[in-house]
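Hi,

Here is the structure I promised to pass on to you. Have a look at it first, and then read on for what turned up in it.

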Amino acid sequence: MTRTRRTVALSVSALAVALGATACGGGSAADAGGSPVKGGTLTILDSADYDHLDPQRTYYTQPDSTDELLVRTLTTWDETGARPKLVGDLATSTGTPSKDDTTWTFHLRPGIKWQDGSDVTAQDVKYGIERGFSGDINGGPPYAAQWLVGGGSYKGPYGGKQLASIQTPDQSTIVFHLSRPVADFNEATAMTNWSAVPKAHDTGSTYDTHVWSDGPYMIQSYTHNKELVLVRNKYWKQSTDPVREQNVDEFDVKFGQDQSAIDQQIKSDGPAAQTATMQYPIAGSDLNSIANDPTLKSRYYKIPAPGINYLAINQNTVKNLKVRQAIEYAIDKATVRGAFGGAAYGEYASTMLSPGIGGYKKFNLYSTDPAGDLTKAKALMRQAGNPKPTLSLAVEETPTQEHFADAVKTSLARIGIDVNIVPIQTANYFSTVDNLKNQYDLTWGDWIADWPNASTVLPTLFDGRLIAKNPQANQDLSYLNDPKVNAMIDKAAKTTDLTRRNAIYGDMDEQIMKDAAVVPLMYMDFSELAGSKVGGIIPDPILAEPSLVHVYVKH
Amino acid sequence: MFRYLVRRLLAAALILLVISVITFFVFFALPSDPALLACGKTCSPARLAEIRHSLGLDRSTVVQFWEFFKGLFAGRDYGDQSVRIHCGAPCLGVSFQTDTPVLTTLLQNFPADLSLGLGAAAVFLVAGLGLGTLAAVRRGRATDKLAVGAALFGVSLQIYFVGLLLLYLFVDKWQLLPAAGYTPITQDPVAWFQGLLLPWATLVIVYLALYTRLTRSSMLEVFGEDYMRTARAKGLPAGRVVLKHGLRAAITPVVTIFGMDVGSLIGGSAVITESVFGINGIGKLAVNSVQNSDLPVILGTTLFAATFVVLANVVVDLVYGLVDPRVRLA
Amino acid sequence: MSQPTKESPESQPMEGSPESPHAQPRPLAVSTATPAFLDVRDLRVHFPTEDGVVRSVDGVSFTLDKGRTLGIVGESGSGKSVTSLALLGLHKGTRALVSGEVWLDGRELVALPEKEMRQLRGSTVSMIFQDPLSALHPFFTVGAQIAEAYRVHHQVSRKEANDRAVEMLQRVGIPQPRRRAKDYPHQFSGGMRQRAMIAMSLVCDPALLIADEPTTALDVTVQAQILDLIGDLQQEFGSAVVIITHDLGVVAGVADDILVMYGGRRIEYGTVRDVLKRPQHPYTWGLLQSMPHIAGDVDRRLNPIPGSPPSLINLPGGCAFHPRCPHKGQVPDGRCSLERPELVPVPGTAEHIAACHLVADIRGGENTRAAQ
């Protein structure tokens, strides 16, 4: 759910994106037909191994999706309906907040068992969350440390200390004390790091390969970079689980094949590939041909991600609002989208919040034509006194992004702005642009929300007061520090009423666009393909993955 | 001879030491920060420091190198918080990402490269020598032009292209073979063979061209030598002249290149082939480690590959000494 | 490619015994009535190239009996080495066009199929090459190379062949032959290598031995030893020997007959006595003058022939030597550049022929000056 992995996956495999190809996106085909069958093995073909499977360490959508089979979280998303619905998972309900949203209480369902038949207790949940504070258990999201009282200085349970702000009055009750109001705390708790780990089976930094299961499947074997085999957990009971099913006998995750080879294999639907699916998105070079192939329609999944592909405009260096607004009008998003793979990549964006995210408000302050509005752009430049600035543009050093950079350069040349392209090695891209020492006038970025709420997008990307706090991990690539936006962030955080809070976020999005802090480019979609004998896949728009929890194999 | 070997091996060890020092310091000179990568987005400075400590990155580069160097001979223990991980000598470190000793991972991935590299090398060497010799003997005639043309074609092909094409044809379209990949020979020899058939074919197609051309030109050069005329003047049949006197002399430069190629192939240079066919070898490990700023693995794979290239050099020199009696190893 | 041999009734040799009495003096060149052991008739070796046909050997004839030695003399590019390779049939299977006849002991070699020719190579006809360092294979031991030459033609065990190799090395005067047989060519000195080369060429008792510049790469003392060795071995084996050299001094001591070649053609041919005492061709004079005399006047300057050998694609018209000939002015009407001189017998001998327009009396005046 962090942005880097998706980007890496795309850039590495999208070696030869067809330029300028436009086509209608094939609609996603949620396979509703047919009823679940038990048995069989589902193969998952992944181009790379997971960085972590340890629930407290995952932050990428592929292992997160797999973890849904292994570990249960306090809350989770029921995705069978038109829109994802938050439900209790380990917990009986979606939690009970105190009036000011600073204390959250969850009660555990009875009868949930570990893979050895023992009960899952509130203490296991507390221990699981606590271990994520250890320096050894790194990689996961930062929310627990940010919100829980004393979380900033707690260093995990391995030294023998516990975190007092997580209380377990009995075996089935867990209470969180937060240092500030968090109205959507129960949406955060659907992330895997809010899950239980039994202390007796914690193997510390090697837990990735030893994840102890309380879900429908458990690890049979896990060889890094090679294969992960999941088999049924016989202590899991359908009656205790509101979302998961236990249809196939085995999941066989095979790592390391080239993404194009995976695409081809599943596309041609040979005997081995008929029961296979993928977790990394289809390579950019294959995207158009697969998306537009009518024979693949029933097996092709276009999954909208709660994410945005954008171009940040540095407020510190591009100080003139008119110039920034001119840039908003001048960028030719049609060519830009072509660079990223065309229509199948996603819809043109005019807001930072994407349509699936709580708080999304539909508006467009700038050009209605995706190719841009040159007349308005030129007029704004004239009002700004026709400066002829040279702006630096940071992009990843990949063919895709270099095409993108060219599109931006061409767009802005039309209004007298010269663009100096700075390609940065993919692996170091975000650690470079996130560092305050490296400021660019224009910076490419993408962002996928951790859960579908504006609270995981706008405050993180545009709270100017955070810039100085995380000098090496600054997420505010626009360097926006607008008191109006900051005030709205604080106001939203204190607002417990969901509707009112979402309205504030919608206005916040509009204010950011008025500031011309960022050019939203595309709302991201991810495209995946499954074999013809795979049934029960539904799009998981939270993770932008094909959901595995209802999957079955036809025979 | 023995002293020569000892000297060469000592020199090799020195080269490896220099390579590890360079890799180590280049890594720290780069902008990538493994702690930052592990820390994720919105990383607070306190958390960053914590992770840096956990990865042992809070000490000076020199101290870290010394720890690494010591670990090579004495082994190391990792982790002071959760679980102790012992990394026995020769310890190449423990991956930042998987917390597995690097050597374990290397040895796990190595058989794949060994099978891939040696299998392909055996075929392209023998076939290359054969085709090259044939082309040289039939110089200027149809056979030669065909061989040279095919070689040129092969050289201009990219592994990426050949590999995907073969996969598409044999696995996807005609379904003659199961999906390519690596199965240990000890586990299932038939699957081992079937899975490696296409990767071998890919490497052979690309390398065969080189070896055909190399053999051909080397052979043509030898054909002009006086001793070839002597061999004919002795009354030797043409075949013996070419295969015994000719090949014996022409093989020397081929062996040199071959040694290097095999060394780097089994050291992980077949990374594209590995990637196309989903074989988890040293090459992919190296690429992943760079992407993840996983210093111990970067260092380990670099040293591992370098070891093979350096050893291949020594072996080539030894073989050279056997093949060419004029070379004295001293 | 060999050309079909024209067979004229008179050139049909060896009607009687193939063994020709070699002790008996016989007429040279002019007569073909007596069957000679080696009889080369009108040999031509042409190489087609992109620039034109290179006529390396263009109508060479000579005869040689067993036990006798012929010296073929000429500068590099005169066609003498190509002639020797043609005798071994080494042009077969190449682009060279070979025509004429080479009769060896009653068999015509030019038209002989490669398979049969191969069986003669190394056994009946063998060759000593000029640079033994490059002519011996660097990767095989000397003993193995000699044994191999023996085993090709004899059904013997490896051990027998090795013993034979050691025996041959001993015969050519290599000390500790059994040990040295295991050495590689680069471990031998220059003279030793040439001895090894000789041992290899003699291992099958060849009836015809061709030595191509056998002493060029060697220093003077070793040269003499090698020439003596060839002479001794010839006596022992009774072979016919062809020595190819650019140095008249080399053949002066060992040859019976001398054939002087220029531009791929014969220009003078006769017994060693005739050619050295009464050389007829200005080119031969030049060769004689450029010859260092070991026993002669130390102060005498070497006189290399001015100019360079002619192009074999475009031989000068008339006498091929005329551009370099200091005497062409003595021939009237520019005949030297217009008319190719015929090989004619030198007046007073039947065995000495030369091709030059100079009249006999002028030659007579010159030859006393040239020959010592």
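Of the 330 residues in chain B, 49% are buried. Please keep in mind while you look around that this is a predicted model.

Along its principal axes, the C-alpha atoms of chain B fill a box of roughly 85 × 55 × 35 Å. Chain B has 13 helices and 2 strands. If you take the contacts in chain B with a separation of 6 or more, 66% of them join residues 24 or more positions apart.

Next, the annotations. In an unreviewed entry, UniProt lists "transmembrane region" for residues 9-30, 116-137, 149-171, 191-210, 254-277 and 297-323 of chain B. I looked at two of these spans in the model. Residues 116-137 of chain B are 100% helix and 0% strand, with end C-alpha atoms 31 Å apart. For residues 149-171 of chain B the figures are 91% helix and 0% strand, and here the end C-alpha atoms are 28 Å apart.

UniProt also gives residues 110-320 of chain B as "domain: ABC transmembrane type-1", again from an unreviewed entry. In the model that stretch of chain B is 83% helix and 0% strand, and 27 Å lie between its end C-alpha atoms.

The domain assignment divides chain B into domain 1 (33-91) and domain 2 (103-329). Taken over C-alpha atoms, the centres of these two domains of chain B are separated by 39 Å. How many residues of domain 1 of chain B are in contact with domain 2 of chain B? There are 5, and they meet 5 residues of domain 2. On the domain 1 side, the residues in question are 4 nonpolar, no polar and 1 charged.

Chain B also touches chain C, in a contact that takes 18 residues from chain B and 23 residues from chain C. On the chain B side, the elements giving two or more residues are α9 (226-233) and α10 (238-269). The largest share, 6 residues, comes from α9(B). Sorted by class, this side of chain B has 7 nonpolar, 3 polar and 8 charged residues.

Finally, a word on chain A. An unreviewed UniProt entry lists residues 85-464 of chain A as "domain: Solute-binding protein family". That span of chain A is 24% helix and 21% strand, and its end C-alpha atoms lie 32 Å apart.

Enjoy exploring it!

Best wishes

Conventions: Residues are numbered from 1 along each chain as its sequence is written. Chains are lettered from A and ligands numbered from 1 in the order in which they are written. This is a predicted model: local features need pLDDT of at least 70, side-chain atom pairs count only at pLDDT 80 or more; totals for chains, interfaces and linings use all residues. UniProt positions are given in the numbering used here, feature names are shortened, and annotations may be inferred rather than shown by experiment. Helices (H or I, at least four residues) and strands (E, at least two) are DSSP runs, numbered from the N terminus. A residue is buried if 20 or more other C-beta atoms lie within 10 Å of its own, exposed if 12 or fewer, and partly exposed in between; C-beta atoms are placed from the backbone. Two residues are in contact if their C-beta atoms, placed from the backbone, lie within 7 Å. Ala, Val, Leu, Ile, Met, Phe, Trp, Tyr, Cys and Pro count as nonpolar, Asp, Glu, Lys and Arg as charged, and the others, Gly among them, as polar. Domain bounds come from an automatic or database domain assignment.
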